[in-house]
Structures are given as C-alpha cells and as structure tokens.
Amino acid sequence: MVELQYYLSNVPEALIYGLLAMGIYISLRILDIPDLTTEGSFGFGAVISVLVALNGHPILALFAGIVAGAVAGAITGLLQTKLQVHPVLAGIITMSGLYSINLVCYSLTEKGATTNLSYNKITIFEKVKEIFAIRGQFETSVVKSVVSLIIVIVVLSLIIWFFKTHIGLCIRATGDNPDMVRASSINVDRTKIIGLMLANALIGLAGAMASQSVGYADINTANGTLIYGLAAVIIGEAVFGKRGATIGMISAVVGSIVYKIIVAFVIRE
C-alpha cells in the first residue's frame with residue numbers, strides 16, 4: 001500500500017509536466033525553434049495562478065496561467081520576427097525579463113515583498129475534494145491524478161484538433177519549410193508568433209497546475225523545467241519514434257510519465 005501510494009503521488013506531477021513537454025515539443029519539433037522562454041513562462045503562469053486563486057477563483061487561475069504563458073510566447077515571437085533577434089537570444093531575453101516581473105508579482109499581496117506564496121488550500125484539487133467530501137492523504141493523490149488526467153486528455157485532444165485546422169497546418173508547414181510557406185502567401189511571422197504563443201500557453205498552464213498541486217508558488221519553481229521537458233520529449237521519441245504531430249504530442253506526455261517513474265524509482269531505491 002505504501003509503495004502504491006508513493007508511485008501514485010508522482011502521477012499528477014508526471015501528467016502536469018506532460019503539458020510542459022507538449023509545449024516544448026511544439027516549439028522544438030513543430031516550429032523548429034529552440035525556445036528558451038520555458039522557465040520564464042512556467043514561473044509566470046505559476047505566480048499569476050496563485051494571485052488569481054487567492055481571490056477565490058482556482059479554476060479561473062488555470063486560464064490565467066494559460067494567458068500568462070501566451071503573453072510570454074508572444075513577446076518572444078515578436079522579438080524574433082519583428083526585431084530579428086536570434087531565437088535563442090529572444091528566449092533568453094524574455095526569460096530574464098520575466099524573472100524580474102515574477103518578483104514584482106510576488107509582492108502584490110498583503111505579505112509585501114516575498115519570493116513565495118501559498119494557495120491557502122484554494123486550489124482546483126481542494127475544490128474537488130470539498131465537493132465529493134474526500135478525506136485522507138491517499139485519496140488526495142487519487143484526486144490529483146484523476147483531475148490532472150482529465151485536464152491533460154482535454155488539452156491533448158484540443159491541440160491535436162488544432163493542428164488539423166488550416167492555421168495549425170500552416171504552423172506545421174512553417175516549421176518544415178518557411179520559404180515554401182512564404183511563397184504560398186502565408187504570413188510566416190504570424191504563424192511563428194501563434195505557434196510560440198500556443199507552446200508557452202501550455203507551459204503556463206503546466207506552471208499553474210504544478211503550483212496548485214504542491215499548494216504554493218516560489219520564484220525558483222521553474223528551475224530545471226526546460227531540462228525536464230527536453231528529457232520527456234527525447235524519451236517519448238525514443239519510445240514512439242519521430243512521427244507526425246499527433247503521435248508527437250502523445251509521445252511527449254508518455255515521455256514525461258516514463259521519465260518521472262524512472263526518477264521516482266531511482267530515488268526510492
């Protein structure tokens with residue numbers, strides 16, 4: 001029972017970081033852009049989420065995290081396309097700027113200057129427990145796993161559908177051959193910006209959900225998320241191979257789960 005509870009406690013994080021891996025997959029594999037905005041948009045999504053949740057709106061906080069990530073992606077995209085900044089440097093600039101912005105956001109509550117904020121149990125997971133009158137640590141892990149799984153499935157389905165639409169196909173074509181897309185009278189700059197906004201929106205959502213899962217957000221919450229996401233993408237491709245966007249998205253989530261299970265097993269042993 002203890003073993004099961006231990007591994008089950010790692011499932012929500014694995015699923016949540018699957019959203020992060022999906023975002024990195026979009027920028028790295030579909031757009032073919034090495035986007036380093038990840039840690040900035042993840043942390044931005046986390047702090048915006050906690051600020052909204054503390055006003056009594058934990059569900060709205062998730063959407064706030066999505067918007068925060070999308071804004072970060074838009075800034076990176078504009079730097080790349082309008083100012084002709086190198087993609088790597090554009091990501092670094094946005095990520096560095098967001099670190100300062102995040103520090104300001106943490107000081108917007110009554111606590112004043114601080115580097116961490118607690119949700120005070122105002123999270124989507126606590127709301128579900130309250131609705132169904134669920135008690136106990138093991139049951140909490142189950143609730144987090146189920147809620148995270150539902151959200152990941154919904155988001156994954158929407159993303160797969162999106163990449164089959166006209167604009168989604170344009171984004172995929174831009175990553176494959178931007179010159180051909182430009183010759184077809186498609187605005188390449190616009191598709192790149194939209195693609196980066198979508199990728200970082202997923203990362204912002206992952207930051208919001210991760211912070212709600214642990215019950216707090218910290219200025220260092222996003223440290224190491226880029227490495228985790230890259231590892232998940234690589235592991236997923238090792239399992240499924242390099243295929244289309246649909247399989248790629250699924251492989252990113254599976255890679256996150258496999259990676260987290262391996263880490264949990266090594267720590268346990």
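Keep in mind that the model is predicted.

Let's start inside. The largest nonpolar core has 49 residues, and Met22, Ile26, Ile159, Phe163 and Met249 have the most contacts within it. Helices 2, 6, 7, 10, 11 and 12 each give two or more residues to this core. Helix 2 (11-30) supplies the largest share, with 11 residues. As general background, nonpolar side chains in soluble globular proteins tend to be buried together.

Setting aside residues up to four places away in sequence, Met249 touches Met22, Tyr25, Ile26, Ile30, Leu156, Ile159 and Phe163. There is also a second, separate core, this one of 18 residues. Phe44, Leu51, Tyr106 and Tyr119 are among its members.

Next, look at how helix 2 sits against helix 11 (225-240). Two packed helices are described by the angle between their axes and the distance between the axes. For helix 2 and helix 11, the axes come within 8 Å and cross at roughly 80°. That falls in the 65 to 115 degree range, so helix 2 and helix 11 are roughly perpendicular to each other. On the helix 2 side, the residues that meet helix 11 include Ala14, Tyr17, Ala21, Tyr25 and Arg29. Their counterparts in helix 11 include Thr225, Tyr228, Gly229, Val233 and Glu237.

Now move along to helix 3 (residues 38-53).

One of the partners of helix 3 is helix 10 (188-214). Their axes are 7 Å apart and the packing angle is about 50°, which makes helix 3 and helix 10 oblique to each other. The crossing is right-handed. From helix 3, the residues involved are Thr38, Ser41, Phe42, Gly45, Ala46 and Ser49. They meet a set in helix 10 that includes Asn200, Ile203, Gly204, Gly207, Ala208 and Ser211.

Val71 has a relative accessible area of 41%, so it counts as partly exposed. From Val71 to Pro87 is 16 residues in sequence and 16 Å in space, C-alpha to C-alpha.

Finally, two loop residues have backbone angles worth checking. Most residues other than glycine have a negative phi. Asp32, in the loop between helix 2 and helix 3, has a positive phi of about 60° although it is not a glycine. Asn120 also has a positive phi, of about 55°, and is not a glycine either; look for Asn120 in the loop between strand 1 (116-118) and helix 6. Are these two residues buried or exposed? The cut-off for exposed is over 50%, so Asp32, at 56% relative accessibility, counts as exposed. Asn120 is exposed too, with a relative accessible area of 54%.

Note on methods
Residues numbered from 1 in each chain as written. Predicted model: local features only at pLDDT ≥ 70, side-chain atom pairs only at ≥ 80, totals over all residues. Heavy atoms only, no water. Core = buried A, V, L, I, M, F, W, Y, C linked by side-chain atoms within 4.5 Å. Buried < 20%, exposed > 50% of the residue type's maximum accessible area, 1.4 Å probe, protein only. Helix = DSSP H or I, 4+ residues; strand = E, 2+ residues; numbered from the N terminus. Contact = heavy atoms within 4.5 Å. Axes fitted to C-alpha atoms, helices over the stretch in contact; angles between N-to-C directions. Parallel < 35°, antiparallel > 145°, perpendicular 65-115°, else oblique. Left-handed = near helix turned anticlockwise from the far one by under 90°.
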